[in-house]
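Please read the following report alongside the sequence and the coordinates.

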Amino acid sequence: MAEPVVAQKSPYSVEVAKDQEYWWCACGQSKSQPYCDGSHKGSGFSPVQYNAKADRTVHFCGCKNTGNQPLCDGSHNSL
C-alpha cells in the first residue's frame, strides 16, 4: 500500500459533539482536513469513522501515521 500524504506535522484539535459521527481522512489528500472529502478514491485508502461519546476536544492525527487511527499518538514527533 502507498504511504499517506502528511497533511501537517501536528494534530488537528477539534471540538466534537456527543453522538455525532466524523470521517477522518486517512490518505492526507483531503482539502477539508482532518475530514474526508473523497480525495482518496482510487488510492487504496479509506476514511476512518469516529463516533463522539461526549462533547469534548479530540486531537485527530495530521501526519496520517498514527497507530491509533484517527487520533494522534505522537507519531509526528518521529517524522
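This is a predicted model: local features need pLDDT of at least 70, side-chain atom pairs count only at pLDDT 80 or more; totals for chains, interfaces and linings use all residues.

Residues are numbered from 1 along each chain as its sequence is written, and side-chain values use heavy atoms, with hydrogens and water left out.

The protein chain has four strands and zero helices, where strands (E, at least two residues) and helices (H or I, at least four) are DSSP runs numbered from the N terminus. Its order along the sequence is β-β-β-β. The radius of gyration of the protein chain, 12 Å, is close to the 12 Å from the globule rule for 79 residues, so the chain is as compact as a globular protein of that length. The radius is taken over C-alpha atoms, and the rule is 2.2 Å times the number of residues to the power 0.38.

| Property of the protein chain | Value |
|---|---|
| Box filled by C-alpha atoms, along the principal axes | roughly 35 × 30 × 20 Å |
| Buried share of the 79 residues | 37% |

Buried means under 20% relative accessible area (1.4 Å probe, protein chains only).

Strand 2, residues 21-24, pairs with strand 3, residues 48-51, in the antiparallel sense over four bridges; pairing requires at least two DSSP bridges between the strands. Glutamate 21 has asparagine 51 in strand 3 as its bridge partner. Glu21 also lies with Trp23 on the uncovered face of strand 2, while Tyr22 and Trp24 form the covered face.

Terms used:
Buried means under 20% relative accessible area, exposed over 50%, partly exposed in between (1.4 Å probe, protein chains only).
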